[in-house]
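Colleague: Could you take me through the aromatic rings in this one? I'm new to it, so please go slowly.

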Amino acid sequence: MTLLHRLASIVRWIAYRNRAEQDLDDEVQAFVDMATADNVRDGASPAEAHRGAMLDLGGVEQAKEHVRTVRHGAWLDAVGRDVRYGLRQVRRNPAFSGIAIATLALGIGGITAMFSAFDTILIRPLPYAEADRLVMIWDDLRHEGVPKHFPAPAEWLAWRRHNAVFTDIAATQSRDATLSGDAEPEQVPACRTTANLWRVLGMHPLIGRVFTEEEDENGVRVVVISHGLWQRRYGGSPDVLGRTITVNDDPYEVIGVMPREFYFLPAPDIDIWVPASFPAWMRTNFSWHDAQVVAQLKPGVTLERARESMEALSLQLTAKDFRGPHSVILTPLREEMAGKTQTALLVLLCASAALLLIACVNLANLLMSRGAARGREVAVRAALGAGRRRLVAQFLTESLVLAALGALAGLALAVPAMRFLETLVPETMGDVRLTLDWRVLAFSAGVALAAAVAFGLVPALRGSRLAPQDALCEGGRGTAGARSHWFQHALIVIETALAVALLTSGGLLLQALHHLRNNDLGIRTEKLLTFETPLFRYQDFDRRVAFVNALLESVRAIPGVTNAGAISRIPLTVTDQATFYLLAGQSRDSIPEQVALTRVVTRDYFPTIGAGLREGRFFERSDRRSESPAAIVNESFADLNFPGRSPLGAQLKFGQLDDKGYWYTIVGVVRKIRDRGVTEELNPTIYRVHEQTDQNGGQPSGIVIRTAVEPVSIVSAVRQAIWSVDKNQPIWRVQTLEEIVDRQLSTPTQSTTLMSAFALLALFLASLGLYGVLSYAVSQRTNEIGVRMALGATSSEILLSFGRRGMALMLAGLVIGLVLATIAARLMTSLFYGFQPHYLPTVAMVSLILLAVGALACLVPARRASRIAHRSDDGPASRIDPAGAWLT
Amino acid sequence: MILTILAREPLHGYGISQRLTTLSHDEFHVNPGSLFPSLYRLEQDGKLKAEWRPTENNRRAKYYRLTASGRRQLERHRERWTRVSFAVTSVLEGA
């Protein structure tokens, strides 16, 4: 019979159920009547005739029941009955059900919300055609202390020409740009890109077109703009196509607008894309590393094969590189975009799973104790002919009813949790909302089902195993016999282990976060306003120096400003590259080993950020343009190159390292300034003053202002001050340093907050659970306690014996938990942000907390039991619980 | 057997059990407890169709009759039975 037919018949049966029942009644009645009539005809009295007919039939109800069981969808009826029975049970025991549903809601809600974040960030396809085949390629400059370095445009060219594994490779350079001319000058995030970027990503413009290889090749000034910029600055009018706009003072023709949902690295808010048009020198210079490279794997080529092939190619291409051959690193685009969040999400997902497991363990125990209390009911049902399978089905249905209610409540909890989790989405993913879509709902339903089986199966099997006569004989005090103890023991051990693992992980993360928060940045972050002002309009060295000095002068004149300085990039927003350096007296062969970061600052920079000086001096007025410029190095630089002695007076050279380059004299050693990020290692760094750089040096376009008042209150005064010097000067990314720090710490803070929440919930649930398991165990043994006390045992002996067994189990759980925690800690290493947390104190603390909880959970019920036993001393304490073996 | 009986004429449950007893020369007494489930199963599977009709004694009863699909099933069963019984007979007599 076809499935369709079967379904139709089920539907029919449901629809015409009452009529079918009526039919059945009538039919059986007709049978009896006819049989009776026949019997009467054969000479029986009417009463005898009826009796004979009934005997033939074998019982009206039985006959009907036989029919019902062959009917399609009969099981539906049974399930329906069980569900109704389950719901009745829920209503009848509001306390039990409330606890069960709340516990499940926490477990299911937590994991559902985590899954929605996990799904959105790590599973759902990226908005590119064939996103799975997209990889980013990085230079592996580990020997220079930079594992993932930007490739050089020259490398991109060579890879594109010689590789065998990609259909195409695109390169981009991130370059902020100034829009001016048609409205107020505006600084926007911009990107120079090779023409094939859109083909590699498989994206098309919303209107217009993207630029061609020829336009890129010939440096034609065309621009593709973002949907956001189109709406904001050009009113969303299609007329924008063909319009000429001014980008960095040059005219560009707008040829296309990208769709709203388009985003790509390095930032989701890029507003304009212009042809990369790499100049000739960039195409041959393998040391100009500032491109991001994305490539599309050829169909059928695995990442592994591409990796091998590209590593070989790169080693070959860079064989003659003056800093030695280097390899490349290939990362899937997804991984690139999710970044560190990946680990955080995985850890949190595991944590929420552990929490759910604890919830299930608790429920299993609750159901077990209730199952024992329901021994009589089970016995009656079994006596009336309910098969074991039927009983298990009924118990499981009840668990399912609980799980379904828990899942519903959990979804209600998940929605606000998802709003919170949205802050975990990395900025590179664009504007992402977490939604309760069908995948999340399906997941949640699956989890509820799994949970129902997890916490319902063993109690169901045990409950149904109960031999009817035992339960009835025992006067309804039914216990499931000595066999139940392994299960209770397992519950205690599992619960302890999971709670220990979660608490330890939470503790370690808290330590790491605390460390980050209190990490000495070398900068006094409070009341420090920062912004950027691009200096491309001041290409000429002298004009630039004069402008920066005048700008700082006018800012310092603002009331409430105590100091102001400038640096090449605002602290904590820097992603910069290292430069080779040579110390006086060294041979050039040592160069490949020696790299340092460089910063160009104004004289007031160090005092403004509140940097400390270890020795020597800061820059002074006398440090003007000269043939013997000054340099300040940081402690890492000094300790690396001049261990145990003073670097003051030493000379160094860096940058191009040609014969014309200046020799800089070290005049000071500044204390550590962690300006590359809260979590970054400290690298050797060289500081120069802006008046002593050459044309190629960085430009001090990041302004920092120390204020005596609330920094935000002077923002407009600062704008006016700068525009009084040059009214066309763009100002952007105005923010306080504290905001920058907060943003950097947002992912660690969020994950730690979540982890701590999970850990505390775990502790709470585990305490409840342990108390539940142990008090149930004790309650089963009240009689035995009575006997033992009657035989002369003291209360304390009883308490001790309970405590001993409970503690032994908890210790076992503790050991397993610590093993789990160690594994978790390994998984979380990258979440510690380069910080080595103190493992032992955390473990000791967690163990103490849990053992204390366990001790209470053992002793309180045992004490109560011993009191009860006391009271019943003169009563008959004669029945010895067959399950007494638990204690001895 | 139910199908064979119903192939001749539509009958109600009691009729079927009586007819079975008669036709089998009192060899088969079918218990209503298994007759009704069989009828229901066949009806659900579309081999039988049922309707309420008055009996000759003016009682209402549920009459079953064969559907086309039921007729085909009967043919298949009959054919198989012929083969099997022939085979069994052959073995029994050959031994």
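Modeller: Let's start with A:Tyr128, which is buried at 6% relative accessibility (buried means under 20% relative accessible area, exposed over 50%, partly exposed in between, with a 1.4 Å probe and protein chains only). A:Phe264 is buried too, with a relative accessible area of 5%. Keep in mind that this is a predicted model, where local features need pLDDT of at least 70, side-chain atom pairs count only at pLDDT 80 or more, and totals for chains, interfaces and linings use all residues. Side-chain values use heavy atoms, leaving out hydrogens and water, residues are numbered from 1 along each chain as its sequence is written, and chains are lettered from A and ligands numbered from 1 in the order in which they are written.

Over all chains, a search of the whole structure turns up 13 aromatic pairs (rings of Phe, Tyr and Trp, the last by its six-membered ring, pair if their centres lie within 6.5 Å; planes under 30 degrees apart count as stacked, over 60 as edge-to-face and the rest as tilted). The rings of A:Tyr128 and A:Phe264 have centres 5.9 Å apart and planes at 80°, so this pair is edge-to-face. A:Tyr128 lies in the loop between α6 (94-123) and β1 (134-141) of chain A, and A:Phe264 in the loop between β10 (250-257) and β11 (272-275) of chain A, so the pair ties together parts 136 residues apart in sequence (helices, H or I, at least four residues, and strands, E, at least two, are DSSP runs numbered from the N terminus).

A:Phe262 and A:Trp273 pair up as well: their ring centres are 5.4 Å apart and their planes at 65°, so they are edge-to-face. Both A:Phe262 and A:Trp273 are buried.
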